[in-house]
Amino acid sequence: MVFKVFSRGFSRRQLAKVAAGAALGLPAASARTGEKSVLLGSGQPRGAAGAGFPGGFLWGTATSAFQVEGAVNEDGRGPSIWDAFAHRPGAIVDRSNADRASDHYHRYKDDVALMKAMGARAYRFSIAWPRVFPDGGGEPNPKGLDFYNRLVDECLAHGITPFATLYHWDLPQALQDRVGGWESRDTAKAFGDYAGYVAARLSDRVTNFFTINECGRFVDAGYGGGPDAPGLKLSQDRVNQVRHHVALAHGLAVQAIRAHGRTGTKVGPAENIVVCVPAIETPDNIRAAEIATREMNAGYLTAILEGKYTSAFLAYAGANAPKFTAEDLKIISSPVDYVGINVYTPHYYVTAADDAHGFALLPLPASFPHTSSPWHKIDPAALYWAPRHVAKLWGPKAIYITENGTSSSDQPTADGQVYDLDRIMVLRSYLSQLQRATAEGVPVQGYFLWSLLDNFEWSDGLETRYGLYRVDFETLKRTPKLSVSFYREVIARNAVA
Ligand code: BG6
């Protein structure tokens, strides 16, 4: 049972439920947690992060198409699986939908101006596949791509570097209906074609692409019985096959971007890495957390970066393991230019163990603090360990923090302001740990704060707010929260403010 969670992968919502190592049948922590403390990796002591971030560090914000755009029926956009799901009775906690969302489709110029006013130098947005190919493939819809042409031009005119994510969960409904969505290899193939089409048309101005946002979330939460579209509850072998097709789609997109994008176009994944934190920073526990990181991400990130499924992953999955070929693995591991990781919560606390696995997972106490989203446990060290493990295990040329941020209740006070001091506390403490990582030479090149705006927060609806700007969903007015001033200061100083 050690790798119980492997074959399901991880969604943060599920992780909240399985956080206790005991629930996984893992060995209990040993007395080894008490071993002597050490200097870290490069030999730098913990406090060495005071000098700020490296020169040229890219500060940005992130959004996703379905969550902010609205305009779901405009300019030939086809329906996505999330349109149908958001209108399903009972699917969205506050009974809202994303038909209008933050109206970014019409207000993108104002929103780019907001980024500019903060001093942000990069914008990670996602492209809605059903705007570009309303039917999933076949005839493209030029008007759909035009929106992204306008958005990209607007960003560039304001000195903001666009980073485009090709898939942030809004699968064309036509593909779900026709072939069963990600259950079919045809969807992976269609994704590669779509990626090549977009790269051919945008890479004269967009140098950086991310393929797929958070395989680790939407596969389990959408196909394995979680709270996401398309709302299926498949058996474990089928869920594992879905995950394999998503990994394949990533690889096909990398290849298509190389084939159709301009020379110099860059691409990588944007994954919600399962973050394993050594409970106490001893050499043994740190090594154990590295091993755990590799195994806990085996179904996707490890496969992409190593070109194989680990033997522990396959052994645990057994008869439920995905069906794949050697050629699939070659495609999946097509070389990437960087690794994007979304980092919010620590997933597991790890200690060294004297057994075949080499690590043990610790249970989380019920009192562990969290943000206004219960799944999001607060530990700033997640933003140190996630990139550090990636750097140590796989040595990528570059790492981007493609998402980090927090929800907050964000109620305006009588003076109309939003004093989101909890968000500032979370950001300040997480960024201090990121600074620790870059000070030690971990090659993190940029950070995208989630999110620019309050948006449609998936099955939570409009009530859960992650934005730096509060959106009044009646008037669509944007109001800067106090955290805008905080982030502006961080960017200006290139250091934690
Ligand atoms: C990330 C997603 O998982 O976290 C975003 O990429 C999402 O799209 C954000 O909005 C917050 O997650 P949740 O589960 O609280 O909506």
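**Exercise 1. Find how the axes of helix α4 and helix α6 lie relative to each other, and which residues meet.**

Step 1: Look at helix α4 (residues 104-118) and helix α6 (residues 142-157): their axes come within 10 Å and cross at roughly 10°. Axes here are lines fitted to C-alpha atoms, for helices over the stretch in contact, and angles run from 0 to 180 degrees between N-to-C directions. Helices (H or I, at least four residues) and strands (E, at least two) are DSSP runs, numbered from the N terminus.

Step 2: Name the arrangement. Angles under 35 degrees count as roughly parallel, over 145 as roughly antiparallel, 65 to 115 as roughly perpendicular and the rest as oblique. So α4 and α6 are roughly parallel to each other.

Step 3: Pick out the residues. Tyr105, Tyr108, Lys109 and Val112 of α4 meet Phe147, Leu151, Glu154 and Cys155 of α6; contact asks for C-beta atoms, placed from the backbone, within 7 Å.

Step 4: Sort them. This contact has 6 nonpolar, no polar and 2 charged residues. Ala, Val, Leu, Ile, Met, Phe, Trp, Tyr, Cys and Pro count as nonpolar, Asp, Glu, Lys and Arg as charged, and the others, Gly among them, as polar.

A word on what you're looking at: this is a predicted model, where local features need pLDDT of at least 70 and side-chain atom pairs count only at pLDDT 80 or more, while totals for chains, interfaces and linings use all residues. Residues are numbered from 1 along each chain as its sequence is written.

**Exercise 2. Work out the strand order of the open sheet of 3 strands.**

Step 1: The order is β6-β8-β9, with mixed pairing; two strands pair if DSSP finds at least two bridges between them.

Step 2: Check the edges. β6 (276-278) and β9 (359-362) each pair on one side only.

Step 3: Zoom in on β8 (residues 348-352), which runs antiparallel to β9 and is joined to it by 4 bridges. Threonine 351, for one, has alanine 360 in β9 as its bridge partner.

Step 4: α11 (residues 283-296) lies across β6, β8 and β9, at about 125° to β8.

**Exercise 3. Decide whether valine 444 is buried or exposed.**

Step 1: Locate valine 444 in strand β11 (residues 444-450).

Step 2: Count. Valine 444 has 26 C-beta neighbours inside 10 Å, so it's buried. The cut-offs are 20 or more other C-beta atoms within 10 Å for buried, 12 or fewer for exposed, and partly exposed in between, with C-beta atoms placed from the backbone.

Step 3: See who's around. Valine 444 touches residues including Pro387, Ile399 and Leu434. Tyrosine 400 is 44 residues away in sequence, yet 5.6 Å away in space, C-alpha to C-alpha.

Key:
Contact = placed C-beta atoms within 7 Å. Lists of a residue's contacts leave out its neighbours within four places in sequence.
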